[in-house]
Amino acid sequence: QVQLVESGGGLVQPGGSLRLSCAASGSIFSINAMGWYRQAPGKQRESVARITSGGSTNYADSVKGRFTISRDNAKNMVYLQMNSLKPEDTAVYYCNADIRVRVGGQIRGVWGQGTQVTVSS
């Protein structure tokens, strides 16, 4: 019924910037919280940034001051602006959203397919 599609990942040098985008589509009634997660090889998936429907944000300590999450409710999109990237930011980044679907009115946790971000010189 609903899906998330991510874009913007790639290879960047340390100190560089990337902007990740995530578009939600399908039979959407409304979207509550949205967020970005990441997982490096051999490590657990961790929350990077979250944003509520009202615009309140939370960040992992490791990215605070460098990453900015934002959303466009009219377009059902969420973004992650990543600045001053470090090699330790290398991971697969996943978009997540809590979506109330039109059919049935249930809230579903939806994940994107993941996009690779590699920070290396």
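The dialogue below goes through strands, sheets, salt bridges and ring contacts in a predicted model.

Q: On what basis are the residues and values of this model given?
A: The model is predicted, with local features requiring pLDDT of at least 70 and side-chain atom pairs counted only at pLDDT 80 or more, while totals for chains, interfaces and linings use all residues. Residues are numbered from 1 along each chain as its sequence is written, and side-chain values use heavy atoms, with hydrogens and water left out.

Q: In what order do the four strands of the open sheet stand?
A: In general, strands of a sheet pair through backbone hydrogen bonds, either parallel or antiparallel. Strands here are DSSP runs of E with at least two residues, numbered from the N terminus, and two strands pair if DSSP finds at least two bridges between them. In this structure the order is S1-S3-S8-S7, with antiparallel pairing. Strand S1 (2–7) and S7 stand at the edges with a single partner strand each, so one side of each has no neighbour in the sheet. From one strand to the next the twist averages 15 degrees (axes are lines fitted to C-alpha atoms, and angles run from 0 to 180 degrees between N-to-C directions).

Q: How many bridges join S1 and strand S3, and which residue is the bridge partner of Val 5?
A: S1 and strand S3 (residues 18–26) are joined by six bridges in the antiparallel sense. Val 5 has Ala 23 in S3 as its bridge partner. Val 5 also belongs to the uncovered face of S1, together with Gln 3 and Ser 7, whereas Val 2, Leu 4 and Glu 6 form the covered face.

Q: In which sense does S11 run with strand S2, and in which sense with S9?
A: Strand S2 (residues 10–12) and S11 run parallel and are joined by three bridges; the bridge partner of Leu 11 is Thr 118 in S11. S9 and S11, by contrast, pair in the antiparallel sense over three bridges, where Tyr 93 stands opposite Thr 115 of S11.

Q: How many salt bridges are counted?
A: A salt bridge is a side-chain nitrogen of Lys or Arg within 4 Å of a carboxyl oxygen of Asp or Glu. The count by this rule is five. One of them joins Arg 38 to Glu 46, with the closest N and O atoms 2.8 Å apart. Arg 38 is buried at a relative accessible area of 6%, while Glu 46 is partly exposed at 34%.

Q: Which parts of the chain does the pair of Arg 50 and Asp 98 link?
A: Arg 50 forms a salt bridge with Asp 98, the closest N and O atoms lying 3.7 Å apart. The pair links distant parts of the chain, since Arg 50 is in strand S5 (residues 46–51) and Asp 98 in strand S9, 48 residues apart. Arg 50 is buried, with a relative accessible area of 18%, and Asp 98 is partly exposed at 23%.

Q: Where do Arg 66 and Asp 89 lie in the chain?
A: Arg 66 and Asp 89 form a salt bridge whose closest N and O atoms are 2.8 Å apart. Arg 66 is in the loop between strand S6 (57–59) and strand S7 (67–72), and Asp 89 is in the loop between S8 and S9, 23 residues apart. Both residues are buried. A network of salt bridges links Arg 38, Glu 46, Arg 66 and Asp 89.

Q: Which residues does Ser 84 touch?
A: Contact means heavy atoms within 4.5 Å. Leaving aside residues up to four places away in sequence, Ser 84 touches Gly 15, Gly 16, Ser 17, Arg 66 and Asp 89. Ser 84 is in the loop between strand S8 (77–82) and strand S9 (91–101), and is partly exposed at 42% relative accessible area.

Q: Which arginines lie over the face of a tyrosine?
A: A charge sits over a ring if NZ of Lys or CZ of Arg is within 6 Å of the ring centre and within 35 degrees of the ring normal. Arg 19 lies over the face of Tyr 79, at 4.1 Å from the ring centre, and Arg 45 over that of Tyr 94, at 3.8 Å.

Methods: Buried < 20%, exposed > 50% of the residue type's maximum accessible area, 1.4 Å probe, protein only.
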